[in-house]
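I opened this notebook to record what I looked up in one structure, going from the whole chain down to single residues. Each entry keeps to what I could read from the coordinates.

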Amino acid sequence: QVQLVESGGGLVQPGGSLRLSCTVSGSILRIYAMGWYRQAPGKQRELVAGITSGSSTNYADSVKGRFTISRNNAKNTVYLQMNSLKPEDTAVYYCNAQIRTSWGLNPTDYWGQGTQVTVSS
């Protein structure tokens, strides 16, 4: 079994900061790309930021310059540092990871349970 456990969401005022964490546990051979997605009420889930196993990163235009994704491979953890938060950043944030659990199987996408981020005064 593979689990992705997120933490760090909450309520913050506009202009504030939050740091999300997502730790992978279970029977893992290798973790490839990891990323953060979000879904606001009535909207489709969208990619916020992604990071490869070699730490190359990409960001949605709406968060460039404000959010930073990073990973600690020794801890099987990915982070999302969110600064200068805006009300439009309010959403449920989901962690995603491409994980190989067996050399006989292709890597599979796994998802966390989601953590709520609310930006409001």
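This is a predicted model: local features need pLDDT of at least 70, side-chain atom pairs count only at pLDDT 80 or more; totals for chains, interfaces and linings use all residues.

**Entry 1, the chain as a whole.** I read the pattern along the sequence as β-β-β-β-β-β-β-β-β-β-β, and the tally of secondary structure comes to 0 helices and 11 strands. I then looked up the overall dimensions, and the C-alpha trace spans about 50 × 25 × 25 Å along its principal axes. The radius of gyration is 14 Å, which agrees with the value near 14 Å that a compact globule of 121 residues would have. For contacts between residues at least 6 apart in sequence, I found that 55% join residues at least 24 apart.

**Entry 2, surface and charge.** I found that buried residues make up 40% of the 121 residues, and that the chain exposes about 6500 Å², with carbon and sulfur atoms supplying 45% of that area. I counted 11 positive and 6 negative side chains, the centres of the two sets lying 8 Å apart.

Side chains of opposite charge can pair when their charged atoms come close.

I next followed Asp89 to another partner, Arg66, where the closest N and O atoms are 2.8 Å apart. Arg66 lies in the loop between strand E6 (57-59) and strand E7 (67-72) and Asp89 in the loop between E8 and E9, so the pair ties together parts that are 23 residues apart in sequence. Arg66 counts as buried because its relative accessibility is 10%, and Asp89 is buried with a relative accessible area of 1%. Salt bridges that share partners join Arg38, Glu46, Arg66 and Asp89 into one network.

I also noted a salt bridge between Lys64 and Asp61, with the closest N and O atoms 3.1 Å apart; Asp61 counts as exposed, at 65% relative accessibility.

Is Ile99 buried or exposed? Ile99, which lies in strand E9 (residues 91-100), has 0% relative accessibility and therefore counts as buried. Leaving out residues up to four places away in sequence, I listed its contacts as Val2, Leu4, Val24, Ile28, Arg30, Ile31, Pro107, Thr108 and Tyr110.

Ser55, in the loop between strand E5 (46-51) and E6, has a positive phi of about 75° although it is not a glycine, and it is partly exposed at 41% relative accessibility. Asn76, in the loop between E7 and E8, has a positive phi near 55° and is partly exposed, with a relative accessible area of 27%.

Terms used
Residues are numbered from 1 along each chain as its sequence is written. Side-chain values use heavy atoms; hydrogens and water are left out. Helices (H or I, at least four residues) and strands (E, at least two) are DSSP runs, numbered from the N terminus. Buried means under 20% relative accessible area, exposed over 50%, partly exposed in between (1.4 Å probe, protein chains only). Contact means heavy atoms within 4.5 Å. The radius of gyration is taken over C-alpha atoms; the globule rule is 2.2 Å times the number of residues to the power 0.38. Accessible areas come from the Shrake-Rupley method with a 1.4 Å probe; for residues, only the protein chains shown count as cover. Lys and Arg count as positive and Asp and Glu as negative; His and the chain ends are not counted. The place of a charge is taken as NZ of Lys, CZ of Arg, CG of Asp or CD of Glu. A salt bridge is a side-chain nitrogen of Lys or Arg within 4 Å of a carboxyl oxygen of Asp or Glu.
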